[in-house]
Amino acid sequence: MNVLHFVQAFFGDGAHWHGQDAIPTRVTEHLLYSLEALAVAAAIGLPVGLVTGHYGRGGNALALIATAARALPSFGLLVLMFTWLGFGQLPVMIPLVALAVPPILVTSYEAIRSLDPSPVDAARGMGMSEARVLVQVELPVALPLVLSGLRTAAVQIVSTATIAAYVGFGGLGRYIIDGLYQKDYEKVVGGATLVAGMALATLLVFWAVSRFAVSPGVRRGG
Amino acid sequence: MSGFFDIPSDLQHSYSGLIGLHLREALIPVLAGLLVSLPLAQLCVRFRWLYPPVFGVTTVLYAIPSLAFFVVLIDYTGMTETTVMIPLAVYSLVVLVPAIVDGVRSVPPETLAAATAMGLGPVRRYLQVQLPIAVPAIIAGLRVATVSSISLVSVGMLIGNQGALGNLLNDAQIYHRPELAVNSVVTTAVLAILVDALLVLVRLLLTPWMPRKGVTR
């Protein structure tokens, strides 16, 4: 029995396309958890990273926070939050957000810090306010790097959101956890294939966004 | 906090035993990943066309959840430490290969020209000039890979108690002792931070020419 065989059997089985455990249902659940976690992480990481990058202060503190957050084991955090808070969306979201904040925070900080200072000075010389310098000059030029931080975070979330199934949540992790206990490898491999496919789709979305959102001038320079 | 370090006997390890096991399961894969990624990255630097496909394949492998990885491997390696370590080694490649490629590529062409002019062949130039200059970037990659490897070992709990400190999570639920879960998370995080600090120290020792102040990453 090889992996491809499992994949074929999983997607060929009509039972996986209907009812509560149907593939579209699980994919939608997984997508929702991931989007929610990414949105919260971006809402925390982006403003802090961009503003500290703009003023060039607090880089050491940021690096420290990021290392500490990275050191937290996602799976352990999930089980711990579950034992403390009980069943709910919050115990699932906390580890995912803790996982996604460091790459967003660190890359957006670095992206702003590593900009060529002359256009920024020129913008100031033209009388732009600090907020406008950040939003209209620094952010567009730093966008490719900022997006790469978001992309890393998104891929990690998509892959890690599978652990939500361990505490009774849905999503694609259901196939993997249930398959493990039922010794149904076809299900496990099918679930993993769906997750990998979703991560690929995430990469594709970010590629499309960067094509669309990054100014052509910046792209040529980078 | 009573019973914090009281490890249930079904784990067959003392507290320090679990820590040793955890470090072994986390660090050997990163070391293996480094040994594979050094030549792989060198090939990517040498042949530019090779980099995008290598990067793509490692990213897709990275997206496979560790748990699914474990389950597929059980057929071949059983419910053993090896099963936990193989995915971790694969994951470390995703961070290490780009870090080494970027580091080696960032060596200024003048430096390379100077090395060539001094009569260094390609091998010695790589070992004595390019690699040392790339050390900060390589260590930065190693730090990310090591920390995430340490935090991922816990998932091994799900395949027959191979998660070292993560096994405490299971016992926390069986025996209704949440403090064991706290112990697991805190010890894992502290281990990760200590190993990370150790790598920073190694960087400082390996790069005496770098300015000491203001180097953060």
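This is a predicted model: local features need pLDDT of at least 70, side-chain atom pairs count only at pLDDT 80 or more; totals for chains, interfaces and linings use all residues.
Between chain B and chain A there are two residue pairs in polar contact, both at pLDDT 80 or more, where a polar contact is a pair of N or O atoms within 3.5 Å, within protein one able to donate a hydrogen and the other to accept it, with residues adjacent in sequence counting only if both atoms are side-chain atoms. Residues are numbered from 1 along each chain as its sequence is written, chains are lettered from A and ligands numbered from 1 in the order in which they are written, and side-chain values use heavy atoms, with hydrogens and water left out.

Staying with the interface, the rule finds zero salt bridges across it, a salt bridge being a side-chain nitrogen of Lys or Arg within 4 Å of a carboxyl oxygen of Asp or Glu. On the side of chain B that touches chain A, helix 2 (51–63), helix 3 (66–77), helix 6, helix 7 (167–174) and helix 8 each supply at least two residues, and the largest share, nine residues, comes from helix 8 of chain B. Helices here are DSSP runs (H or I, at least four residues; strands are E, at least two), numbered from the N terminus.

In terms of contact, meaning heavy atoms within 4.5 Å, 35 residues of chain B meet 36 residues of chain A. The buried area, which is the accessible area (1.4 Å probe) that two parts lose on being put together, summed over both, is about 3,100 Å², with carbon and sulfur atoms giving 76%. In chain B, Val71(B), Leu158(B) and Val185(B) lose the most area to chain A, together 16% of what that side buries.

Now to helix 3 of chain A, residues 59–71, whose buried residues (under 20% relative accessible area, with a 1.4 Å probe and protein chains only) include Leu62(A), Ala66(A) and Thr67(A). What covers the buried residues of this helix includes helix 2 (23–55) and helix 5 (89–113) of chain A, together with helix 6 (122–152) and helix 8 (178–206) of chain B.

Finally, one residue in chain B: is Thr83(B) buried or exposed? Thr83(B) lies in helix 4 (residues 81–105) of chain B and is buried, with a relative accessible area of 0%. The side chain of Thr83(B) makes a polar contact with that of Thr77(B), at 2.7 Å.

Definitions and conventions
Buried means under 20% relative accessible area, exposed over 50%, partly exposed in between (1.4 Å probe, protein chains only).
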